[in-house]
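My notes follow in the order in which I looked things up.

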Protein chains: 2
Amino acid sequence: MSRPDAGAARPASPRRTGRRPGNPDTREAILNAARKAFAERGYDATPIRAVAAAAGVDPALVHHYFGAKEELFRAAMAIPVDPAELVPRVLAGGPAEVGERLVRTFLTVWDSPAGVAAVALLRSAVSNQWTARLLREFLTTQILRRVVAQLDLDPAEVPLRGALVATQIAGLAMMRYVIHLEPVASASPDTLAATIGPTLQRYLTGPLDAA
Amino acid sequence: MSRPDAGAARPASPRRTGRRPGNPDTREAILNAARKAFAERGYDATPIRAVAAAAGVDPALVHHYFGAKEELFRAAMAIPVDPAELVPRVLAGGPAEVGERLVRTFLTVWDSPAGVAAVALLRSAVSNQWTARLLREFLTTQILRRVVAQLDLDPAEVPLRGALVATQIAGLAMMRYVIHLEPVASASPDTLAATIGPTLQRYLTGPLDAA
């Protein structure tokens, strides 16, 4: 079953991403360096070359293996979905029902096989300060920043709005997938969109000091 | 420093609770049996005598050490506050601003020294299925049941309303005390009461399918 150099020197086929899997040890060293840097310095303050230096490789190799910095971040956190694809789906159709769509998109991912990895990440973030910092950076820079950037909001309110959305989404994840509190644990997406959607709608676009 | 029989045979003083601390091994055996029974059978389906039988003691001794079943539950979970005292505080003044008062009461407990134990319990519930079951039973039977019982709600809606409240409160706890997502992590009680209070108000007393 040994496959020496599996994939390492294979030319990219049209069905592949175009990035070579590379040497597993080197890949893991880069991912470890990325996790450490993103957790310690934050996503914005971490250039690819700092990750490369910490891993002892050339920056071009990091780009070669993982692509852009946001893709390196996703790989470092083993995030099974691409916010750059999901967030526009939530925002498609304008701000009017963005709360409901956010709930439905969240449930589509977490109810799917990819949700297992998401639950594992949530558990890890609660028990591990480093993962918590990574998750916080991920929420802030990859999800919330994308959502609020397109909603034409007062920039001064954006951080609070984003964090409020995160409280409701994280609590939904906790109760549905970790604590299994009924009836939320087995409620339909329609029920949760109808009940929790308006909350996210208000956090994103409504007045922040009235119901 | 050895204090043989410390407290074991001391008469109760007016400043004490009136319950003797008892033999530490016996107390711990009772608490272990209670945790197991409450997690496996649920709070409602667990009589004190079942806990006593599992611990190999007389039911009277369980009452003697811990009092009523709800006090045994609190002791088993090391819950630092008494829902029987807190919940009426939230409900005092009627249903009109119960959402804001719920946020403020929650923050009073979790921002206090007792909050350390609460955060530890939350962390534990995420990583341990048994603690998760205990926390679920505690939320359902000790907190939510008390809250909704006094709000004159449609009984058919009570479980969903209670669970929705739990999602928002758990997510607030996660982001403020575990993930430390700003600005929620350091927001004032006034800000959180004004922004999250209306959400809890709607989950408790509002229509469940509109903002």
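This is a predicted model: local features need pLDDT of at least 70, side-chain atom pairs count only at pLDDT 80 or more; totals for chains, interfaces and linings use all residues.

**Entry 1**

I looked up B:His180 first. B:His180 has a relative accessible area of 34%, so I put it down as partly exposed. The residue sits in the loop between α9 and α10 of chain B. Its phi is positive, about 60°, although B:His180 is not a glycine.

I then checked the other chain. A:His180 lies in the loop between α9 and α10 of chain A. Its phi is positive as well, at about 55°, and A:His180 is not a glycine either. With a relative accessible area of 35%, A:His180 is partly exposed.

**Entry 1: the cis peptide bonds**

Which peptide bond of chain A is cis, with omega near 5°? I found the one from A:Glu182 to A:Pro183. A:Pro183 belongs to the loop between α9 and α10 of chain A.

B:Pro183 is in the loop between α9 (158–178) and α10 (189–205) of chain B.

**Entry 2: chain A as a whole**

I counted elements next. Chain A has 10 helices and 0 strands. Of its 211 residues, 50% are buried. I also looked at contacts with a separation of 6 or more: in chain A, 66% of them join residues 24 or more positions apart. The accessible surface of chain A is about 9,900 Å², and carbon and sulfur atoms hold 55% of it.

Three residues, A:Val126, A:Ile179 and A:Leu181, supply 17% of the area that chain A buries against chain B, more than any other three.

I searched the interface for salt bridges and got 0. Polar contacts between chain A and chain B come to 15 residue pairs, both residues at pLDDT 80 or more.

**Entry 3: A:Gln142**

Is A:Gln142 buried or exposed? Its relative accessibility is 3%, so A:Gln142 counts as buried. A:Gln142 is part of helix α8 of chain A. Its side chain makes a polar contact of 2.9 Å with the side chain of A:Thr141. Leaving out residues up to four places away in sequence, A:Gln142 touches A:Tyr43, A:Glu70, A:Phe73, A:Pro83, A:Val87 and A:Glu137.

**Entry 4: helix α2 of chain B**

Last, I looked at helix α2 (residues 48–55) of chain B. Its buried residues are B:Ile48, B:Ala50, B:Val51, B:Ala52 and B:Ala55. I found these packed against α1 (24–41), α3 (59–66) and α4 (69–77) of chain B. After α2(B) comes B:Gly56, with a positive phi near 70°.

Definitions and conventions: Residues are numbered from 1 along each chain as its sequence is written. Chains are lettered from A and ligands numbered from 1 in the order in which they are written. Side-chain values use heavy atoms; hydrogens and water are left out. Buried area is the accessible area (1.4 Å probe) that two parts lose on being put together, summed over both. A salt bridge is a side-chain nitrogen of Lys or Arg within 4 Å of a carboxyl oxygen of Asp or Glu. A polar contact is a pair of N or O atoms within 3.5 Å; within protein, one must be able to donate a hydrogen and the other to accept it, and residues adjacent in sequence count only if both atoms are side-chain atoms. Helices (H or I, at least four residues) and strands (E, at least two) are DSSP runs, numbered from the N terminus. Buried means under 20% relative accessible area, exposed over 50%, partly exposed in between (1.4 Å probe, protein chains only). Contact means heavy atoms within 4.5 Å. Accessible areas come from the Shrake-Rupley method with a 1.4 Å probe; for residues, only the protein chains shown count as cover.
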